[in-house]
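Work through the exercises below with the model open beside you. Try each task before reading its solution.

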Amino acid sequence: MIYTVTLNPSIDYIVEVENLQLDALNRMKRDLKLPGGKGINVSRILSRLGVENTALGFLGGFTGRFIEDVLQSESIVTEFVNVQDDTRINIKLKHGSETEINGQGPQIGNTEADALVQKLRALTKEDVVVLSGSVPPSLGGSFYERLIAVIKEQGARFVIDTTGEALLKALPHGPLLVKPNHHELAELFGVEIEGQEDLIKYGRKLLEMGAENVLISMAGDGALLVTEEQVYHANVPKGEVKNSVGAGDSMIAGFVGTLSKTGDPLEALRTGTASGSATAFSDDLAELAKIDSLLPQVQVNPI
Ligand SMILES: Nc1ncnc2c1ncn2[C@@H]1O[C@H](COP(=O)(O)OP(=O)(O)OP(=O)(O)O)[C@@H](O)[C@H]1O
Ligand SMILES: O=P(O)(O)OC[C@@]1(O)O[C@H](CO)[C@@H](O)[C@@H]1O
């Protein structure tokens, strides 16, 4: 079974404005409220791909209830820990380009944090846990480490999609997958990345540091999969880009869901890329029909 963990879910409030004027009243052209948070996005795509999964994390208040309702309407199994404070609202402002304003996240107490850790004690060695997104400041900087320790004790595997220190600390524990984008990879090592050779060089460093598979996403330039044996490139299909929110999460869902079904990393890379692009070409996360229609255009080649 695949579990997703979203420590800091959100309602994504997508607001479209024509000719944004600062210091003035702007009227929205269109707005949309979506359940968000990286792990939740992974769960929604997994479920569209027909991959059984359970969404875990913290939800609170009226915003939390909205998210739970949408997930249940999509028949996604949820086991969130309830918190007192409201789940955050993240603003995604479309004004020709995209500006994002993400909240800090709610206050989470020790008892609530312990309740989530307790849920992971039911994992078995057949399970994969996808840990995605930011950590609310109230949980402290090392909460992912605490979760990883329990996941390892239970013999389960994990994928981690986060940045900076939290990602570096997770690597020695052998994540099944990490998926930095090209900018995050450069930031992680404090370097400028010039081209494909550099991407592969730093991707290999993440392998040496403990990751089993390194997926480097490059938005419209596709993705590189770096493994012990080989490096592969996947191209992106053609389409009109409507939204980039959740493209990376869709890629992780496509990759992990397919890897768990087929054990084939190349098929996983193809489906991951098609899923990421299908979301980039949609208003919300991708529907299955869109992913299926793009799959034939994605080619995976060794480098
Ligand atoms: N402009 C685009 N055209 C086609 N495909 C895209 C585009 N942007 C993203 N994708 C697809 O989505 C995948 C992940 O995108 P990206 O590299 O932007 O990840 P990310 O930075 O983690 O995304 P996010 O915006 O969700 O944080 C890409 O590898 C590609 O398959
Ligand atoms: O603040 P975080 O946890 O880093 O990112 C949260 C977020 O920006 O990521 C998702 C897209 O990947 C959105 O649904 C959500 O708003």
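Predicted model: local features only at pLDDT ≥ 70, side-chain atom pairs only at ≥ 80, totals over all residues.

**Exercise 1. Describe the neighbours of ligand 2. How many residues surround ligand 2, and how do they divide by class?**

Solution. 
- Step 1. Count the shell. Ligand 2 is surrounded by 16 residues.
- Step 2. Name the closest. They are Asp12, Asn90, Lys92, Ser134 and Asp249.
- Step 3. Sort by class. The shell has nine polar, six charged and one nonpolar residues.

**Exercise 2. Find polar contacts of ligand 2. Which parts of Asp12, Lys92 and Ser134 face its oxygen atoms, side chain or backbone?**

Solution. 
- Step 1. Apply the cut-off. A polar contact needs N or O atoms within 3.5 Å.
- Step 2. Check the side chains. Asp12 places a polar side-chain atom 2.5 Å from a ligand 2 oxygen. For Lys92, a polar side-chain atom is 2.9 Å from an oxygen atom of ligand 2.
- Step 3. Check the backbone. Ser134 uses a backbone N or O atom, 2.8 Å from an oxygen of ligand 2.
- Step 4. On its own, ligand 2 has 400 Å² of accessible area, and the protein covers 88% of it.

**Exercise 3. Turn to ligand 1. Which residues are closest to ligand 1, and which element gives the most to its shell?**

Solution. 
- Step 1. Count the shell. Ligand 1 has 19 residues around it.
- Step 2. Name the closest. These are Asn181, Ser217, Ala219, Ser244 and Ser277.
- Step 3. Sort by class. Ten are polar, eight nonpolar and one charged.
- Step 4. Locate the site. The largest pocket is the space that ligand 1 takes. α8 (247-262) and α9 (265-280) each give two or more residues to the shell. α9 gives the most, with four residues.

**Exercise 4. How far from oxygen atoms of ligand 1 are the polar atoms of Asn181, Ser244 and Gly246?**

Solution. 
- Step 1. Take the side chain. An N or O atom in the Asn181 side chain is 2.8 Å from a ligand 1 oxygen.
- Step 2. Take the backbone. For Ser244, a backbone N or O atom is 2.8 Å away from an oxygen of ligand 1. For Gly246, a polar backbone atom is 3.2 Å from an oxygen of ligand 1.
- Step 3. Alone, ligand 1 exposes 630 Å², of which the protein buries 85%.

Note on methods
Residues numbered from 1 in each chain as written. Chains lettered and ligands numbered in written order. Heavy atoms only, no water. Near = heavy atom within 4 Å. Polar contact = N/O pair within 3.5 Å; in protein donor to acceptor, adjacent residues only side chain to side chain. Areas by Shrake-Rupley, 256 points an atom, 1.4 Å probe, with all protein chains shown as cover. 1 Å grid on protein atoms, 1.4 Å probe; cavity = no way out; pocket = protein on both sides within 12 Å on 5 of 7 lines; lining within 4 Å. Sits in = over half its atoms within 2 Å of the grid points. Nonpolar A, V, L, I, M, F, W, Y, C, P; charged D, E, K, R; others polar.
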